[in-house]
Amino acid sequence: MTERTPAPEQEQSAARRVNPGNRAADFGIDTTARTTREAITTYLRGLRGGDLGSLPALLGLAALFVLFSVLDSGGTFPSLLNLANLLQQGAGPTIIAMGLVFVLLTGEIDLAAGTASGLAAALMALHLMSDGNVLGATGTTVFVLLVAVMLAGAVLAALVRVWAGSVISLLTAVVLVIGVPANAFTVMGLAVGVGVVIGCLTGFLVARIGMPSFVVTLALFITWQGVILQLIGDGGTIALRDPLINAVANGNLSVTASWVLFVVVAGGYAAVQVVRLRTRRRGGLVAPPTGLVALKIGAVVVLGGLVTFALVQDRSPGVIAIAGIPYVVPVVLVLLVAGTWVLDRTRFGRHVYAVGGNREAARRAGIDVARIRASVFVISTAFAAIGAIVYSSKIGSVNPAAGGGNTLLFAVGAAVIGGTSLFGGRGRISNAVIGGTVLATVQNGLGLLKQPAAVVFVVTGLVLLLAAGVDVASRRRAAASGR
């Protein structure tokens, strides 16, 4: 007698029989935990398929450290003083690059991020210098135009439903009109607000009007440069005479605070990894092997501990001790964690990747594409303003060249070199940090070798060209392998 075949609706998978509440099994998802060998095999298969991520940048960074350490016969490059200085020098453009990652993920470009940061720095300096009386520092006509632009930014942000940008633009206008007395927190908040206003204007023109981002941001790059000249004056300089602002890029945490930061960062990373592992296993999803997670946590703890131990040593060449992790490190870490969380763990982040991967498919799926495209420009210029605070703090002043020159080139290059694709849909905030470290290392190392500016520009350009070539090659490889 032939055995009767069960009906499809009565059939159950092995995973479902083991865990009746596992709904993932209904969709044919592989819910088994992978072994370490399987995880490594999957990673290597991804590399062969073109999913390189930040690996080329990390390998290049390691090679650069070895190269400059060997070529610098004086031993200055690998010294603790120079390494800490490298972190402080590269922090400003790196933060700008972190914001640009959001724009690049949607397949757009923001060429105005550099001068937008310069404009934010100029208004910050004016507000500080005049103790909040920007009207007296700029004159009635310029002041009215500034406030009108901020109000326009609030209205345009509301039209594309970027409500946070609208509110911040209004608050920024209110701060200028009321003339809030200047202190470090007020002027830094004003700088970020100016960045948001610029992002609202850019985002509306690109997302709602439909103008190409390249053309819009190139035009605004020139426009903001002119506004900076109007505010500061050709050849003028405004000193930032505030101890707290100057300490942002030049100060250091105490030795105790440095170790506390290490414990918080390492402990937080370990907690996130463990919770994510348990959550995925509880949900019946594919989870990385416990041994691999433990290895990653151990690597972060050891590396972080070594870096902290090195930076808490006295690195001063004189009699005044200089020790502790630079303030810019926790600033970058906070922005890195916040940006990574937004992109990886929120609906907004998933929509950003979706828009960058296929804009039309995202629209058909019900995503508000115009709002997403406008929002990423607001985020980009807000990050640019924070970067402006850092690099202005480093030099202690603001001049008409703020945000110009190679600031934008450095920022875009950092994002691309780190592994963010210029074609959209692929990249992470950490790519900008890695790429920024690569470019800062190139400039720092060549400077210590007393190479002329021409050599620095040529080498930096070739590094960026190589990174773009790797991006194109990896995309073709991924397309060929069907990934």
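**Close-up 1. Salt bridges across the whole model.** Searching the whole structure turns up six salt bridges, each being a side-chain nitrogen of Lys or Arg within 4 Å of a carboxyl oxygen of Asp or Glu. This is a predicted model, so local features need pLDDT of at least 70 and side-chain atom pairs count only at pLDDT 80 or more, while totals for chains, interfaces and linings use all residues. Residues are numbered from 1 along each chain as its sequence is written, and side-chain values use heavy atoms, with hydrogens and water left out.

**Close-up 2. R373 reaches E108.** Here R373 pairs up with E108 in a salt bridge, with the closest N and O atoms 2.7 Å apart. The two come from distant parts of the chain, 265 residues apart: R373 sits in helix α17 (residues 369-395), and E108 in the loop between α4 (80-105) and α5 (113-129). Helices are DSSP runs (H or I, at least four residues), numbered from the N terminus. R373 is buried at 12% relative accessible area, and E108 is buried too, at 8%. Buried means under 20% relative accessible area, exposed over 50%, and partly exposed in between (1.4 Å probe, protein chains only).

**Close-up 3. D344 holds on to R428.** This salt bridge also has its closest N and O atoms 2.7 Å apart. D344 belongs to helix α14 (residues 328-345) and R428 to the loop between α18 (407-417) and α19 (429-448), so the pair ties together parts 84 residues apart in sequence. Both ends are partly exposed: D344 has a relative accessible area of 28%, and R428 has 38%.

Close-up 4. E360 and R363 meet side chain to side chain in a salt bridge, 2.4 Å from N to O. They are three residues apart in helix α16 (residues 359-364), which means about one helical turn separates them. E360 is partly exposed at 36% relative accessibility, as is R363 at 48%. Elsewhere, salt bridges with shared partners join E108, R359 and R373 into one network.

**Close-up 5. A positive surface patch.** R276, R280, K296, R345, R347 and R350 make up this patch. Patch residues have over 30% relative accessible area and no salt bridge, and like charges are joined within 9 Å. Helices α12 (255-282) and α15 (347-357) are the elements giving two or more residues to the patch. K296 lies in helix α13 (residues 290-311) and is partly exposed, at 39% relative accessible area.

How values were computed
Patch = residues over 30% accessible without salt bridge, like charges linked within 9 Å, V, L, I, M, F, W, Y side chains within 5 Å. Areas by Shrake-Rupley, 256 points an atom, 1.4 Å probe, with all protein chains shown as cover. Lys, Arg positive; Asp, Glu negative; His and termini not counted. Charge placed at Lys NZ, Arg CZ, Asp CG, Glu CD.
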